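Work through the exercises below with the sequence and structure open. Each task is followed by a stepwise solution.

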Amino acid sequence: MFPGQESVLKLLADTDGRTMTELAAALKVRPPTASKTVGRLSAQGLLVRRASEGDARLVRVYLTDEGRTRAGAIDDIWDSLEGTMTAGLDGKDRKRLRKLLRKMERNLSTELGTVVSDTAEDADGADEAEGAEEETV
C-alpha cells in the first residue's frame, strides 16, 4: 500500500459510501489526490465507485469485502503498534501522554491555521473515566 491508502480504507470502514469530495476533505488533500488514491485502491480490488442512487452524477466510494478485511487488518496492526509504544506505561502515564499529544496537535493546528476537531475534547472526558477505571483495578 502507498502512504495514505490505509486512511482511505479506515474512513470508509467508519462511513462507507463517501463521495470523493468528502474523502478529500477528511484526508485534508485536494480532490485529484483523493481520486488517484481511490483509483489505486480500486485497481487492487479494495473498493468500488458507484453512482449515487439519488443523483447519478454523484459518485460514492464503497469498500469491497476484501477492503473491509484489509481495514480490519490495519486496525490490528495499529493496535499492536500502540501496545508496543505504550508498554510499561500505567493508566496515569497514558492519560498524561494523550493530553500532551492533544496539546501538541492544537499548537500545530494553530500554527498551520487548521481546526482541531471537537472529538479531542470529547476524548478528554473519556480519558478521565478511563483513568478512574484503571486506578480502581
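The face of α4 turned away from its buried side carries the exposed residues D65, T69, D76 and T84. Exposed means over 50% relative accessible area, buried under 20%, and partly exposed in between (1.4 Å probe, protein chains only). Helices (H or I, at least four residues) and strands (E, at least two) are DSSP runs, numbered from the N terminus.

This is a predicted model: local features need pLDDT of at least 70, side-chain atom pairs count only at pLDDT 80 or more, and totals for chains, interfaces and linings use all residues. Residues are numbered from 1 along each chain as its sequence is written, and side-chain values use heavy atoms, with hydrogens and water left out.

**Exercise 1.** Find which residues of α4 are buried, and what they pack against.

Step 1. G67, A71 and I74 are the buried ones in α4.
Step 2. They lie on the same side of α4, because they cover an arc of only 55 degrees around the axis; the arc is that of the directions from the helix axis to the C-beta atoms.
Step 3. The buried residues of α4 pack against α1 and β3. Contact here means heavy atoms within 4.5 Å.

**Exercise 2.** Locate T19 and determine whether T19 is buried or exposed.

Step 1. T19 belongs to strand β1 (residues 18-19).
Step 2. Its relative accessible area is 7%, so T19 is buried.
Step 3. Leaving aside neighbours within four places in sequence, T19 contacts L58, V59 and R60.

**Exercise 3.** List the contacts of L23, not counting residues up to four places away in sequence.

Solution. L23 touches L11, L12, R18, V38 and V61.
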